[in-house]
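Hi everyone, thanks for making time for this.

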Amino acid sequence: MVIGKQILNALCDEASRCGAKEFRGGHRMKNIASAKMFESCGFKYDFDTEEKTDPRTGEKYVIRKLKKELR
């Protein structure tokens, strides 16, 4: 998770340098590691998508969308 956090923070920093005001991301609701990474990088809950079905596995999932205000 450390490398993922470094990459996500670097992406946010670069977006901010380019003038972006916010950065958005998302993860599957059941992906606890991704949820913790986004939270530790300062992302806040925005909304959840409708339930979908993975065509490869048949698994149902929901994407949690998050956003971070950039300076």
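What you see is a predicted model, where local features need pLDDT of at least 70 and side-chain atom pairs count only at pLDDT 80 or more, while totals for chains, interfaces and linings use all residues. Residues are numbered from 1 along each chain as its sequence is written, and side-chain values use heavy atoms, with hydrogens and water left out.

Let's begin inside. In soluble globular proteins, nonpolar side chains tend to be buried together. The largest nonpolar core here has 10 residues: Leu8, Cys12, Ala15, Phe23, Met37, Phe38, Cys41, Phe43, Leu66 and Leu70. By nonpolar core I mean a set of buried Ala, Val, Leu, Ile, Met, Phe, Trp, Tyr and Cys residues joined through side-chain atoms within 4.5 Å. Buried means under 20% relative accessible area, exposed means over 50%, and partly exposed is in between, using a 1.4 Å probe and protein chains only. Which helix gives the most to this core? Helix 1 does, with three residues. Helices (H or I, at least four residues) and strands (E, at least two) are DSSP runs, numbered from the N terminus.

Now find Phe43, one of the core residues. Leaving aside neighbours within four places in sequence, Phe43 is in contact with several residues, including Leu8, Cys12, Phe23, Phe38 and Leu66. Contact means heavy atoms within 4.5 Å.

Next, helix 2, which covers residues 32-40. Its buried residues are Ser34, Met37 and Phe38. They sit on the same side of helix 2, because they cover an arc of only 95 degrees around the axis. That arc is taken from the directions from the helix axis to the C-beta atoms. Those buried residues pack against helix 1, strand 1 and strand 5. On the other side of helix 2, Lys36 and Glu39 are exposed. Just after helix 2 comes Gly42, with a positive phi of about 90 degrees.

Let's move to the surface. Ile3, Ile7 and Leu11 form a nonpolar patch there, with about 300 Å² of accessible area together. Patches are made of residues with over 30% relative accessible area and no salt bridge; like charges are joined within 9 Å, and nonpolar side chains (Val, Leu, Ile, Met, Phe, Trp, Tyr) within 5 Å. Accessible areas come from the Shrake-Rupley method with a 1.4 Å probe, and for residues only the protein chains shown count as cover. Leu11 belongs to helix 1 and is partly exposed, at 44% relative accessible area.

Finally, the charges. How many salt bridges does a search of the whole structure find? The search finds seven. A salt bridge is a side-chain nitrogen of Lys or Arg within 4 Å of a carboxyl oxygen of Asp or Glu. In helix 1, Glu14 and Arg17 lie three residues apart, about one turn of the helix, and their side chains meet in a salt bridge at 3.2 Å, N to O.

Asp54 is in the loop between strand 3 and strand 4, and counts as buried at 4% relative accessibility. Asp54 forms a salt bridge with Arg28, with the closest N and O atoms 3.2 Å apart. That pair links distant parts of the chain, 26 residues apart. Arg28 also forms a salt bridge with Glu59, at 3.7 Å between the closest N and O atoms. Salt bridges that share partners join Arg28, Asp54, Arg56 and Glu59 into one network.
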